[in-house]
Amino acid sequence: MDYSIFVYVILTVLVVALGWFVNLPAVRSERMSCDIRCGGIEGSAGCFRDGERKDRACGVIRQEMLNRILIAAVFLLLFAVSACRIAVGNDYWVYRSDFLLIEQDRHVAFEFGFVWIVRFLQSVLNHDQYLPIFAFFSFFTVLFFVRGMADISEQFCFTVFLLMTGGYYFSSLNSVRYYLVLAIALYSIKYVLRNEWGKFVLWVLLAAAFHKSVLVVIPFYFLASRNWKRRHMLFLAAGCVSLLLFQDFYRRIIFFFYPFYEGSMFDTGETSLTNIAKCAAVLVLSLLYYKAAVKDDKKNRFCFYCNLGALVLYVFASFIPEISRIGYYLNITNIFLIPGIIVKIPEKRQRVLWTVLVAAAYLAYFGLFLRSAYSTDVRLLPYRNWIFQ
């Protein structure tokens, strides 16, 4: 029996348990009330509360410090498991071979940013030191995931639970470049919500230097940030029809950027029924509480449209190779949408019921995910750690 599966299970339990004690809304609310009391002036006497001065005016309070410690602990645990892996993932040794090709200045089908970073790391390391290179990318992938959750989520514990049981983190042990840019895309959402489009585009362009597929989030996130009216749904319907009628046109555009996908093992025209079911279930939950939790909440509305866009792609654009990866840029926002909806359900019994139902569904999915992780085309299990090899 392979016991390494318990590494993933224990890791999930630990980070969710740490997340339980993170209270981000309390800190944000305290900052807002402090700004009102003292006008945002550091050191102002108005920033006293119940006779106890804050660690610094308009900023750090005890809960905020606890949040930082706990979130740092979550980061360190996730980073440690990711960075210390060896031979985990079906493309692990493929990347190791590509690292050697880059060191030899030979051609590889990677974006320039990834090539430059690997070449630099190879220059400061001894020959074929691939473990530190994997650790380097693990560091930034986990960093952007955790920072994105900390900056955007209102329910950090629930969001971490969905990230882990939804398989996003564990899948990042595979497909190094893609999950790095997925994490950056997740992090960049906060700039969309703030209407800081310049910063958002800069982050996406930076990510595109490692995997240019991330460029699709620029139009997708812009459309999702709009407050759609009924007439706009007609354009969505027209887009669905165009995906059915003009598949060859869209494929020519895609293969212009990714010619090696045409006729490859990924060009099968298939889509994931599991992804469709997940997006459809979240859509039902969103529509049930649309007025109470989505309509007037900018973040939830953005995530709602992202989930809807992912569902449209999975159903109508299966002709796109690796459509699941494109969809992940959109449906990963469900780690924010689901907690954001549940917390705004008016009746407590319904909140508890939906929390239990969602948790049960994701735990069931997690069990199936872990079982599939042994397959030869995934190879996330058994988990191997170079420290104990």
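Among contacts in this predicted chain between residues at least 6 apart in sequence, 73% join residues at least 24 apart; contact here means heavy atoms within 4.5 Å. The model is predicted, so to speak of local features takes pLDDT of at least 70 and side-chain atom pairs count only at pLDDT 80 or more, while totals for chains, interfaces and linings use all residues. Residues are numbered from 1 along each chain as its sequence is written, and side-chain values use heavy atoms, with hydrogens and water left out.

The chain has 19 helices and two strands, taken as DSSP runs (H or I, at least four residues, for helices; E, at least two, for strands) numbered from the N terminus. Of its 389 residues, 49% count as buried, meaning under 20% relative accessible area with a 1.4 Å probe, protein chains only.

Beyond its neighbours within four places in sequence, Y169 touches L11, L78, V81, S82, V142, L163 and M164.

L163 also belongs to a helix pair:

| Helix | Residues | Residues in the contact |
|---|---|---|
| Helix 7 | 156-165 | F158, T159, L162, L163 |
| Helix 18 | 334-342 | N334, I335, F336, I338, P339, I342 |

Key: Axes fitted to C-alpha atoms, helices over the stretch in contact; angles between N-to-C directions. Buried < 20%, exposed > 50% of the residue type's maximum accessible area, 1.4 Å probe, protein only.
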